[in-house]
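Subject: Structure handover

Hello,

Please find the sequence and structure below. My notes on what was found follow directly after.

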Amino acid sequence: MTTTQRSWAKTRTTESGTTEPLLMVRDLEVEYRTKRAIVRAVDHVSFDVFPNEVLGLAGESGCGKSTIAHAVTRILKPPAYITGGKVMFNGIDLLAMDEDNLRGFRWEHLAIVFQSAMNALNPVMTIGNQIIDAIQAHMPVSKRDARTRALELLNTVGIDPRRIDSYPHQLSGGMRQRAVIAIALALNPELIIMDEPTTALDVVVQKQILYEVQQLKDQFGFSIIFITHDLSLLVEISDRIAIMYAGEIVEVAPSQELFRNPKHPYTQRLMNSFPSISGPKQVLAGIPGSPPDLSEPPTGCRFHPRCHVKIAGLCEEVHPALLEVAPNHSAACHLLDPEVAP
Amino acid sequence: MRFLVRRTGFYMVAALIAITLNFFIPRMMSGDPVTAMFARFQGRLEPRTMDALRETFGFVDAPIHEQYFTYLQNLLQGNFGTSITAFPAPVTEVIGNALVWTLRLAGTATIVSFVGGTLLGIFAAWKRGRFSDSVILPFLSFIGAFPYFFVAMLLLYILAFGLKWFPLSHAYDLSIRVDWGSPEFVMSVLQHAALPAFTIVITGMGGWMLGMRNNMIGVLGEDYIVMAQAKGLSDRRVMLTYAARNAILPSVTGFAMSLGFAIGGALLTEIVFSYPGIGFWLLSAVNGRDYPLMQGIFLMITLAVLLANFMADVIYVMLDPRAR
């Protein structure tokens with residue numbers, strides 16, 4: 001086998017029948033430490049991502065979604081620090097990894113797609129070279145082989161390979177996001193974290209890219225953590241959805257289940273804040289109040305100041321745990337706890 | 001490419017305007033150099049010689065537009081007239097000799113200052129709050145804040161006059177024969193250039209370092225830097241090809257400009273160290289009312305600045321694909 005014909009596909013050890021999670025996050029804690037305050041942006045967050053699964057992560061701005069993405073990828077910068085918890089990737093402890101091992105691990109196994117593709121691409125490098133340097137950082141291949149691979153990748157994400165020597169500013173917004181996805185695919189990672197990948201794009205391009213991402217996922221068999229504040233988008237693409245509020249996960253369920261049968265009061269009200277295009281006309285409810293200041297989070301359940309069904313005397317005092325309320329469906333609310341509200 | 005063609009056109013027009021101003025300004029001043037020269041010779045010069053001299057220096061009694069075209073014609077032939085202070089050497093020869101010394105001293109020092117300052121700035125931003133950022137940067141900024149001549153004279157006084165580590169003036173030991181093949185002469189040139197070059201480097205570096213550091217810090221906050229790190233690239237590559245490569249863009253223009261002005265002679269350096277470059281000759285020309293030489297030097301400075309700007313444009317286009 002010559003080098004140009006080398007296989008870029010990775011053998012997937014976890015794909016065959018086992019249900020071992022690819023990524024296991026347990027009790028993750030991230031704090032922003034400034035002189036004025038310590039803000040715990042992510043508080044005891046646990047979740048799993050299984051092979052070839054799309055996990056959606058939703059919540060209002062500032063609820064800690066992106067912080068989780070950065071923490072798992074270990075690209076948090078001071079003043080943000082991981083202060084507790086475990087992140088296991090295929091049995092490897094990511095938080096214990098030193099810089100050198102981390103450098104090798106990154107992108108090869110775990111890639112990240114940023115919110116704004118314009119800012120995620122180096123403006124003075126061609127997109128081809130930005131794919132090539134990712135490949136060459138991890139594999140001892142010649143520039144020519146890496147370029148062949150880059151051409152292939154551009155084709156895969158629907159960019160005319162002749163654009164390989166284009167600079168980011170010469171591409172449209174949608175093409176730039178595709179280029180970023182091509183870079184993410186370069187080493188065929190097991191997991192791609194997509195942090196609001198389509199937020200900056202118009203609705204039509206959004207749909208196209210989402211559709212293509214799903215195709216690519218099925219073709220290459222990677223997993224995705226898809227982060228967005230747009231629930232309607234999430235329902236379409238995710239297998240499971242985790243809802244975050246004020247640094248905590250308050251509900252996790254398979255998307256259809258969550259959509260049809262939201263349990264947590266916050267999720268319910270979140271669902272009501274989106275118009276449905278095909279359904280009957282309805283008055284959008286919205287959620288009164290605003291997310292809490294995380295330097296001084298509310299006592300008890302963090303949602304209680306905005307909750308319309310809170311149990312007086314309990315929700316202000318006691319923090320609810322994330323409990324399984326239906327098969328594969330967990331929520332953190334006293335109302336759903338059989339011991340509290342039978 | 002179209003951009004560069006447009007810029008070239010712009011610089012041609014700018015050069016023509018500069019030449020025109022350069023022609024008219026001295027002619028609008030009262031008196032002429034020959035009268036000044038005549039006065040200096042205190043009557044030992046015959047009026048007939050004066051007329052001849054006038055003609056030599058281009059101050060003929062012809063209509064102004066005719067003079068202007070003669071001037072342009074002369075310029076195109078590389079004829080800048082004859083110097084008065086260095087009589088009878090032609091201006092081009094004086095400038096040519098001086099330019100060599102200036103380029104060697106100010107040119108080299110400006111480049112060293114820019115490269116050194118920029119590299120230090122990159123490290124200061126990359127290792128923010130560490131030694132280069134918290135010690136070297138304030139120190140260089142402090143030195144750079146002094147008036148240049150003060151630093152230069154202080155160093156000259158302490159290192160050359162007091163400690164006698166360096167020669168006091170000139171570009172080489174005048175007792176040695178000018179011969180670029182002899183190591184003795186070359187050593188002498190280096191010895192004489194060291195201190196003036198050092199003063200230019202040390203006073204200029206702080207500015208470059210601060211500028212580069214601040215650009216870098218701005219760039220380091222960009223998503224593409226985080227993404228480059230997430231891609232698993234080496235720190236060196238992220239620092240140079242992703243961060244510094246973008247952060248240097250605003251510095252390039254400043255560098256080209258300062259290179260242009262350096263060709264005009266590090267005026268103060270050459271005066272303090274009596275270094276026979278363009279700046280030194282400009283001062284002598286002013287003192288000696290040597291209009292042809294002044295005119296020639298001014299014209300050369302203007303053209304050098306224009307050329308440097310043009311170079312900045314070209315480099316910018318090479319470095320930033322968005323400018324193409």
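The buried residues of H4(A) are Ile127(A), Gly128(A), Asn129(A), Gln130(A), Ile131(A), Ile132(A), Asp133(A), Ala134(A), Ile135(A), Ala137(A) and His138(A). A residue is called buried if 20 or more other C-beta atoms lie within 10 Å of its own, exposed if 12 or fewer do, and partly exposed in between, with C-beta atoms placed from the backbone. Eleven of the twelve residues of H4(A) are buried, so this helix is largely enclosed by the rest of the structure. The cover over these buried residues includes H2, helix H5 (143-156) and helix H6 (173-185) of chain A. From its first C-alpha to its last, H4(A) reaches 18 Å, close to the 16 Å expected at 1.5 Å a residue; the expected span is 1.5 Å times one less than the number of residues. Helices (H or I, at least four residues) and strands (E, at least two) are DSSP runs, numbered from the N terminus.

Before going further, note that this is a predicted model: local features need pLDDT of at least 70, side-chain atom pairs count only at pLDDT 80 or more, and totals for chains, interfaces and linings use all residues. Residues are numbered from 1 along each chain as its sequence is written, while chains are lettered from A and ligands numbered from 1 in the order in which they are written.

H4(A) also takes part in the contact between the chains. That contact takes 22 residues from chain A and 17 residues from chain B, where two residues are in contact if their C-beta atoms, placed from the backbone, lie within 7 Å. On the side of chain A that touches chain B, the elements giving two or more residues are helix H2 (99-105), helix H3 (117-120) and helix H4 (127-138) of chain A. H4(A) gives the most to this side, with four residues. The residues on this side of chain A divide into eleven nonpolar, seven polar and four charged. Here Ala, Val, Leu, Ile, Met, Phe, Trp, Tyr, Cys and Pro count as nonpolar, Asp, Glu, Lys and Arg as charged, and the others, Gly among them, as polar.

Next, the sheet of chain A. Eight strands form an open sheet in the order E6-E7-E8-E3-E9-E10-E12-E11 (chain A), with mixed pairing; two strands pair if DSSP finds at least two bridges between them. Strand E6 (110-113) and strand E11 (323-326) of chain A stand at the edges with a single partner strand each, so one side of each has no neighbour in the sheet. On average, neighbouring strands of this sheet are turned by 25 degrees against each other, direction ignored.

Within this sheet, strand E8 (residues 223-228) of chain A is mostly covered, as six of its six residues are buried. Ser223(A), Ile225(A) and Ile227(A) are buried on one side of E8(A), and Ile224(A), Phe226(A) and Thr228(A) on the other. Strand E3 (residues 54-58) of chain A pairs with E8(A) in the parallel sense over five bridges, and Gly56(A) stands opposite Phe226(A). Strand E7 (residues 191-195) of chain A also runs parallel to E8(A), joined to E8(A) by five bridges. Across this pair, Ile192(A) stands opposite Ile224(A), and Leu191(A) stands opposite Ser223(A). From E7(A) the chain crosses through helix H7 (residues 203-220) of chain A to E8(A) in a right-handed β-α-β crossover; right-handed means that, with the strands pointing away from the viewer, the path from the first strand over the helix to the second runs clockwise.

Asp202(A) is found in the loop between E7 and H7 of chain A. With 10 C-beta neighbours inside 10 Å, Asp202(A) counts as exposed.

As for chain B, there are 14 helices and zero strands. Its C-alpha atoms fill a box of roughly 85 × 55 × 40 Å, taken along the principal axes. Of the 324 residues of chain B, 36% count as buried. Helix H4 (residues 64-76) of chain B has 13 residues, which should span 18 Å at 1.5 Å a residue, and its end C-alpha atoms are 18 Å apart, which agrees. After H4(B) comes Gly78(B), whose phi is positive, near 75 degrees.

Asp51(B) lies in helix H3 (residues 47-56) of chain B and counts as partly exposed, with 14 C-beta neighbours inside 10 Å.

Regards

Definitions and conventions
Axes are lines fitted to C-alpha atoms, for helices over the stretch in contact, and angles run from 0 to 180 degrees between N-to-C directions.
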